[in-house]
Amino acid sequence: MAAKVFVITGPSGVGKGTLIRLLRERVAGLALSTSATTRGPREGEQDGRDYHFLSRDEFARRADANEFLEHAAYSGNRYGTLRSEVERRLASGESVVLEIEVQGARQVRAAMPEAVLVFIAPPDPAALRRRLEGRGTDDPKAISERLRTAELELDAQQEFQHVVVNDELEKAVDELEAIVRAELCP
Ligand code: ADP
Ligand code: 5GP
């Protein structure tokens, strides 16, 4: 079974993290790439597990040193996938899942045309606000900014190979699982 890169993208609050967690409970051998960010940790987030939390200077230094497979500015912070996160997993035969926003997904598609890209869409735009408010991790200003960005991201969905609408969670995980299994065992 060939190791692959799976990119799960879509607007903030659509359920990417939730779907990936459930997917990894169902499909063995899917490693999650830990991204780097300049955003500060949220309550309960751990450095090295949830993100590599970097200062702006450290992020810029690593970007200049070409250490990122992709990186993007999002809601006033920088986010990026370190090449080392992906390469060491692929080298050991593990497939890798990236949970990233749309600009980064486009960069991965350009750098790795063999990567499998999945856009997660909400059943309707109002669901994003409900889910971001319900998650309770972002203040109202951050939520507004994320929803503004989401409008642009939703316009980009037809660029992606696969689109999964996350309406009923179980059904969306089933669809994502089917896509991943078909790619792993064609
Ligand atoms: P993302 O990683 O895309 O920002 P999350 O996975 O953190 O999104 O999900 C945002 C919120 O929406 C969470 O509180 C999560 O429990 C909830 N959620 C995820 N999927 C669904 C769904 N299908 N229906 C209702 N709520 C959902
Ligand atoms: P959050 O601040 O909610 O953790 O993440 C904000 C957005 O950044 C989300 O859409 C998330 O998917 C995206 N993101 C997380 N890590 C990366 C990354 O490494 N690269 C890119 N381009 N986006 C990322």
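Select helix α3, residues 83-91, in this predicted model. Helix α3 lies across β1, β2 and β7, and its direction makes an angle of about 155° with that of β7.

Next, select helix α1, residues 16-26. Helix α1 lies across β1 (5-9), β2, β7 and β8 (116-121). Relative to β2, helix α1 runs at about 145°.

Now display the sheet that contains these strands. In what order do its strands follow one another? The order is β2-β7-β1-β8-β9, in an open sheet of five strands with parallel pairing. At the edges are β2 (30-32) and β9 (162-165), each of which pairs on one side only. From one strand to the next, the twist averages 25°.

To locate one pairing by residue, select Leu30, whose bridge partner in β7 is Ser95.

Then move to strand β5, residues 68-74. Is β5 mostly covered or mostly uncovered? Five of its seven residues are buried, and the strand is thus mostly covered.

Finish at the turn. Strands β5 and β6 form a hairpin, with two residues between them. Select Ser75 in this turn: its phi is positive, at about 50°.

Notes. Residues are numbered from 1 along each chain as its sequence is written. Chains are lettered from A and ligands numbered from 1 in the order in which they are written. This is a predicted model: local features need pLDDT of at least 70, side-chain atom pairs count only at pLDDT 80 or more; totals for chains, interfaces and linings use all residues. Side-chain values use heavy atoms; hydrogens and water are left out. Buried means under 20% relative accessible area, exposed over 50%, partly exposed in between (1.4 Å probe, protein chains only). Helices (H or I, at least four residues) and strands (E, at least two) are DSSP runs, numbered from the N terminus. Two strands pair if DSSP finds at least two bridges between them. Axes are lines fitted to C-alpha atoms, for helices over the stretch in contact, and angles run from 0 to 180 degrees between N-to-C directions. Contact means heavy atoms within 4.5 Å.
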